[in-house]
Structures are given as C-alpha cells and as structure tokens.
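Me: I have a model open and would like to go through it with you. Could we begin with how one of the chains is divided up?

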Amino acid sequence: MIEAKNVYFTYPNRVEALKGVSIRIGDGEFVALMGENGAGKTTLVKHFNGLLRPSKGTVFIDHVDTTKTSVAKLAKSVGFVFQNPDNQLFCETVEDEIAFALKNFGFEEKTVKKRVTWALNVLGLEHYRRNSPFMLSGGERKRVALASVLAWKPKILILDEPTIGQHHQQKEKLLQFILQMRTQGKTIIIVTHDVEFVAECNPRVLLMKQGKIIADGEARIVLTDPEILTQASIVPPQVTQIFLQLSNPDLPKEVIDVYQAREILLGLMERKKK
Amino acid sequence: MSVVETKELTYTYPGSANPSIKDVSIKIEKGEFVLITGPSGCGKTTLCRCFNGLIPHFYQGELKGEVTVVGLKVLEQPIYQLAKSVGLVFQNPENQLFALSVEKDVAFGLENLGIPRESIQKKVDWALELTGTCDLRERAPHELSGGQQQRVAIASVLAMQPEIIVLDEPTSFLDPLGAKKIFDVINDLNKNLGITVVLVEHRLDLTARYANHIIIMDDGEVIFDGEPREVLGSKEARLIGVGIPKPTLLYQLLKKDGMNLMSTVPLSSEEMASMLKEVLKDYD
C-alpha cells in the first residue's frame, strides 16, 4: 500500500513541485495519474520508490516511511520505468539489459535466464534478444525498459508515459499486460497524457494541477467532466466529445467507450422509432 | 509538383542483416499534410531520415533506389544543403537541443546559414511566439521539462522556415491541450504558409483530421498510401490493427448496424457529432 500524507516537495532551484498531496493507493489498484506538463506527476511518483524524499509530510510504502529506508530496498518492491528509455538503458544487448537488475538482486543464474525469457515474451521482444538496445526504435526501446523492470517482478509497478511511441496493437498488448498484472495482485500506476488509452482501461484517475490533486475518481466520471479537465490541460476522450457536442437530454454524458456509445445510440434510435 | 519522391527505396543500417525499409515508392506533393503511421520499428523514422540526407550521409549503411527532395537528389547533396529546405524535428528533443539558452538554440541554424543579425532576431522571435516559448528564451534547454523541450525543438526548426517540415512524434511528451496547440500551429503553417508537413504519429485520434494524405507502414514496407477518409474508413485498416480515430470507428460500427449516416467518413468528434445530430433530427 502507498500512502502519502500532506506531502510537500521543493527542488533545489526552489520550484515547489508538490503542495500538500495526500493519497492512499491500495494493493492491486490500477491508477492513472494525469495532468498538465509540470503539474508534479513525475515528482510525486519518484517519492514512491524513494528517489525523492518529501520536504514536508510523509510517504509510506507498505507502512514503511521512505525516509527510513534505502532506494535499493524500495526498488525490490517498487519498479519504476522512466519516461525516456534512454535514461535507463546502457547494456550491449537487450538480454543483458534485462538480466542486469536480476543479477544485482542476486538471483540464481537459472532464475535469471527464465525471467529474461519470460519478460522478452511478454513484451514481444524475443527477436531482439541479442540486438543492441540502441539499434531499436524509440517504441521498442521503451518496451525493453519495461521488460527490464518487469523481470524482477516488483509488487508495485510505476510506468511513466508507457504508451509513448506505441502503436495501437502494442497499446492493446500493454493493456492486456496490465490486466494480467492486476490478476496477480500487483499495484499499477501509470503517468500518462494518453486520454484514449485511459478511456479504454477505465482505471482510477488522479488529476494533478500545480502540485495538488484536483480530482480523484473513476475514469468514466473524471474524464467526462470538461471543466475539471480543462483545469488540468486534458482534452476529453473523442467519444465523450461527441456526446458533449450532441448535448441531447435523452443521452447520458458519462460515456468514454466506443462500444458503450454504440449501444446507447442504437437504444435511443429504437426508442424513437416506437 | 512532388517535393519528395522515392523510387524503390531500400535501406539497411550498417551491421544490420535486414533492411529497415524495403522498396518504398511514395510521392509527396507541395503543400500536403502527410501523416505517416505504423507499428514501432516499422521504418517510419528511417524513411524520414532519408528526406534530409541523414541517411545515407550520416548513418552510412546501404541505400538502394532513389530519393529526390525539392528536385535535389539526396544521394548527391550534402546534408547542409538539404537542411535549408527540409527541417527535421526528432522524436527525442534531448537529441536536438545543445546550446546554453533556448534563444541560442533556436538561432543556431540561422547563424550557420550566415543570415544577418536583425533578420535572425526576427525569425527567432517569430518561432518562439508561434510555439509559446517566449518566456523560456533565457532558460537552459536541458533544464526544461520534456514538453517544453519539444516546443523549443520545433521552434528551432521553424525558425529556418523550411519548405518541408518533418516531425517525428513531436508532441509525445506534451499534455493533450499542449499537443493540440502544437498540432494547430503545424496545421496553420501548412494551410497559411503552404509549408509541406510530414508528421510521424501513432495517435490518429489527435491528428487524422489535419491530414490530406496518409501513409501506413509495416515491417519496412508501405501497405497503405492514400486519402485519409478512404484509408481509415476501409475494413482493411481495422484488420491490420491501425488505431483508427474513435469517431471513425463509431461511424463504421453504426453504419454496419444499419444506421442511416452520410457517406463521408468522419475523422473527428466534431464531424461525427454533426452527422449524428442530422440523424437524430429525423427521428424527432
């Protein structure tokens, strides 16, 4: 469980990035953290693996105060995949990259091999096993970074902008993957601007603005509230926009999914016919 | 007039066993807004690197076939010559920015071309204004957020006022409203100044509405090349897993269900909403 109690954080250049954030994320929850550039999203999640410590307030990971433990210890239970994969990759082959952390954590060679193969499979990277990560495309490097964290099976997985550079099919795979991780009881936190992706997953959404949380709720509710979204520089999902523009009293406003939209519209037509 | 033309273009990176693009033959006309999409690793970025000569002059490797840009044969032209006509905005802004201040970064290309000082100042101001980065002028690019860096990277290419601007996922780090602003800027450059735009993008929901030409690649080859409404409205586009815009998908589903919708395929929520309004009116 992650618990932030009235967390403030000021960078050395005096930018106050967090201004009193209090949240609780339970085990097995799936959360999307959204908001404008510079709202403090990445700063907040960096508190969850101890990369940053609050200037004021407290962060607990499984009831342990992050100031009273080390990043190395936290890393075992909190996996963090950065926004820019190039900040994370450095080995000569994809395989070595994924094995690196596993070896550091002291896993047996046999386990390392098994885990590496498993992670490569999950992310569709088998063919690139012996390639250099730097010869891969941006989207592929992103998946290598994800695979390298996945491999040590952390309990909490934080993905900063996981859909960047990913094509539709890969996003669907990512969604499948997230759902699979959830059935294993893992906590998943994604930081993202990708409204359409969030609309497809329907997680709990936390909206941030200027270092504060301004909304917390189901995606279907938060993403269909144009006023609060504008404050956070977010545009509603396309399907929601259609329903907002229709502004028809016979139609609901809280629609984010294409297939749900289809049912609602067909239903309305049927009723009108009668 | 074609401003970009490739004929059976095949390219293999040094040390790579397989070509990254295979037999690509495309034509881009002056003033078009072209969207290039496809799965990661399909060769989109590689193709764009051929447009300004980074391939083959910088990356080396093996290039077969022909590529002509603004009438110049890329194989025979140095990069600096091509850079005057083709501006390339990279996927990762950190690869593009290096100066000590945003202003210097945006001025860099112009200084290299030996343009007079006052003229540089004007162009830099114009580019900063358009991308909303005026207040970052004195800041160091490496201290900026990913989204801010992307805007500065676009400004530095815009300042050169190229004939063709090639953007490789230029807003991937931006929040949706910020991304929309950038796409609107790019669209204005295209519609008002006639600059040819080549945009590599996965998120067709955000961008399909601007384009009048779409190229879909898979595994190094061009698999679709045509008008966006036609391509995205086709069954095949759905089958190969292209992330077609949600309004287009909803249109296809309802059409299949027998709803009486117009035959023009919608590419945006505005188009789909007005179409539905018409249908709903008939029932009132």
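Reply: The centres of domain 2 and domain 3 of chain B, taken over C-alpha atoms, are separated by 43 Å; the domain bounds come from an automatic or database domain assignment. This is a predicted model, in which local features need pLDDT of at least 70 and side-chain atom pairs count only at pLDDT 80 or more, while totals for chains, interfaces and linings use all residues. Residues are numbered from 1 along each chain as its sequence is written, and chains are lettered from A and ligands numbered from 1 in the order in which they are written.

Me: Which residues belong to each domain of chain B?

Reply: The assignment gives domain 1 as 1–85 + 162–227, domain 2 as 98–161 and domain 3 as 245–284.

Me: What is the secondary structure of chain B?

Reply: Chain B has twelve helices and eleven strands. These are DSSP runs numbered from the N terminus, with helices being H or I of at least four residues and strands being E of at least two.

Me: What does chain B span along its principal axes?

Reply: Its C-alpha trace spans about 65 × 45 × 35 Å. Of the 284 residues in chain B, 52% are buried, meaning that 20 or more other C-beta atoms lie within 10 Å of a residue's own; 12 or fewer is exposed, in between is partly exposed, and C-beta atoms are placed from the backbone.

Me: Changing topic, how many residues of chain A are in contact with chain B?

Reply: 39 residues of chain A are in contact with 43 residues of chain B, where contact requires C-beta atoms, placed from the backbone, within 7 Å. The elements of chain A giving two or more residues to this side are α5 (138–150), α6 (168–183), α7 (195–201), α10 (238–246) and α11 (258–273).

Me: Which one gives the largest share?

Reply: The largest share comes from α11(A), with seven residues.

Me: And α5(A), is it enclosed or open?

Reply: It is largely enclosed by the rest of the structure, because 13 of its 13 residues are buried.

Me: Where does Leu175(A) lie?

Reply: Leu175(A) lies in helix α6 of chain A. With 14 C-beta neighbours inside 10 Å, Leu175(A) counts as partly exposed.

Me: What is Leu175(A) in contact with, leaving aside neighbours within four places in sequence?

Reply: Leu175(A) is then in contact with Glu200(A) and Cys201(A). The C-alpha atoms of Leu175(A) and Asp194(A), 19 residues apart along the chain, are separated by 13 Å.

Methods. Contact = placed C-beta atoms within 7 Å.
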